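This report walks through selected side-chain contacts, charges and backbone angles. Please keep the sequence and the model side by side while reading.

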Amino acid sequence: MYKTNGAAEFRQQFNLPDDYRVDGLLAVSTWDLNAEARHLPYLREILEALDVETRVEKIDRTFLGHCYEFTVPDGRDTSKRYWYAPVMGTAVMSQYVHIGSVLGSKKNIILGTAGGLAPMMRTGDLIAPNAVHGNDNAAAYDRTNLDRIFRPDPELYSSLLWRTSQLANITGTTVWDVKTTTCEMVLAETADDVRLWQLDGYGGVEMETGLVFAASTNLGVPAAGVHMVLDELANNKTFMDSDFFNPEDNARRDTARQIQYAACVSELLDLELPLPE
């Protein structure tokens with residue numbers, strides 16, 4: 001069925017040029033499909049900081065409606081094209097990861113949020129998942145993986161962790177090198193779920209990373225990611241609390257988001273990390 005479609009079929013379906021290719025994908029996990037308006041300024045800010053002159057434009061194609069593209073000159077009278085997909089949930093994200101990979105992506109990086117499962121975690125901390133327990137969506141890409149543990153590409157993971165840590169050290173942000181688990185149904189999580197995840201050794205819970213790692217590996221593309229700790233599940237502190245969006249925690253989250261974008265975009269584009277002078 002659809003798994004047999006290759007680059008030529010996707011180019012024809014979406015009315016793309018015959019030489020259209022994707023050189024890298026930044027998949028962003030958002031709270032809702034309107035959150036892209038809050039994410040785009042972070043992307044544009046880091047592109048400017050990296051001295052990348054480009055336009056970030058939405059792709060006007062059916063099935064690609066939440067995806068943006070931008071091109072970067074590669075110094076050889078040609079340009080590289082990157083996809084930027086801020087979406088929520090594996091069902092939508094799988095489209096961009098799968099199609100972008102088939103169209104030639106060399107790196108798939110996920111930038112998102114997670115619930116903290118360790119008592120010492122604070123909102124605004126960062127997580128670099130070294131392994132992820134995936135759900136049925138991830139298992140569809142690796143049906144022989146009975147324990148459903150999916151891992152990032154080692155080299156890309158190490159590089160992205162280094163970039164993240166360098167920036168985090170400057171701001172005093174804590175980076176956690178832990179394994180995470182996937183749960184798409186945020187409102188269905190229970191206190192028992194949190195306790196079981198902790199007993200199983202998971203440091204965070206998020207929604208899409210298992211799928212991104214599984215699909216990317218299956219399609220031969222290195223993948224890795226960085227998440228911001230949003231709510232402190234281990235401390236029963238959630239986004240439903242009346243004081244959750246207080247100024248101090250909002251500032252911590254904003255700093256973490258800037259670090260995420262700086263680390264992920266510079267890694268995606270193979271550019272030097274933008275460190276403060």
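## The Lys 107 salt bridges

Lys 107 and Asp 270 form a salt bridge, with 2.5 Å between the closest N and O atoms. The two residues come from distant parts of the chain, 163 residues apart. Lys 107 sits in the loop between α3 and β5, and Asp 270 in the segment after α8. The model is predicted, and these values are computed from it.

Lys 107 also meets Glu 267 in a salt bridge, at 2.6 Å from N to O. This pair too links distant parts of the chain: Glu 267 belongs to helix α8 and lies 160 residues from Lys 107. That loop of Lys 107 runs between α3 (90–102) and β5 (108–116).

The cut-off for buried is under 20%.

Another salt bridge joins the side chains of Arg 81 and Glu 69, at 3.2 Å from N to O. Arg 81 is in strand β4 (residues 79–87) and Glu 69 in strand β3 (residues 68–73). The two are 12 residues apart, and the pair is a link between distant parts of the chain.

Glu 69 counts as partly exposed because its relative accessibility is 22%. Partly exposed covers the range between the buried limit of 20% and the exposed limit of 50%.

## Two positive phi angles

Asp 270, the partner of Lys 107 in the 2.5 Å bridge, has a phi near 60 degrees. That is a positive value in a residue other than glycine. Asp 270 lies in the segment after α8 (247–268).

Asp 51 also has a positive phi, near 60 degrees, and is likewise not glycine. Asp 51 is in the loop between α2 and β2 (57–58). Why do such values deserve a mention? Most residues other than glycine have a negative phi.

Asp 51 is exposed, because its relative accessible area is 68%.

## A buried serine

Ser 29 is placed in strand β1 (residues 24–29). Its relative accessible area is 5%, so Ser 29 is buried. What does the side chain of Ser 29 contact? It makes a polar contact of 2.6 Å with the side chain of Glu 208.

## An exposed arginine

Arg 151 is in the loop between β8 (149–150) and α5 (154–171). At 54% relative accessibility, over the 50% cut-off, Arg 151 counts as exposed. Between Arg 151 and Pro 247 there are 35 Å in space, C-alpha to C-alpha, and 96 residues in sequence.

Definitions and conventions:
Residues numbered from 1 in each chain as written. Predicted model: local features only at pLDDT ≥ 70, side-chain atom pairs only at ≥ 80, totals over all residues. Heavy atoms only, no water. Helix = DSSP H or I, 4+ residues; strand = E, 2+ residues; numbered from the N terminus. Buried < 20%, exposed > 50% of the residue type's maximum accessible area, 1.4 Å probe, protein only. Polar contact = N/O pair within 3.5 Å; in protein donor to acceptor, adjacent residues only side chain to side chain. Salt bridge = Lys/Arg side-chain N within 4 Å of Asp/Glu carboxyl O.
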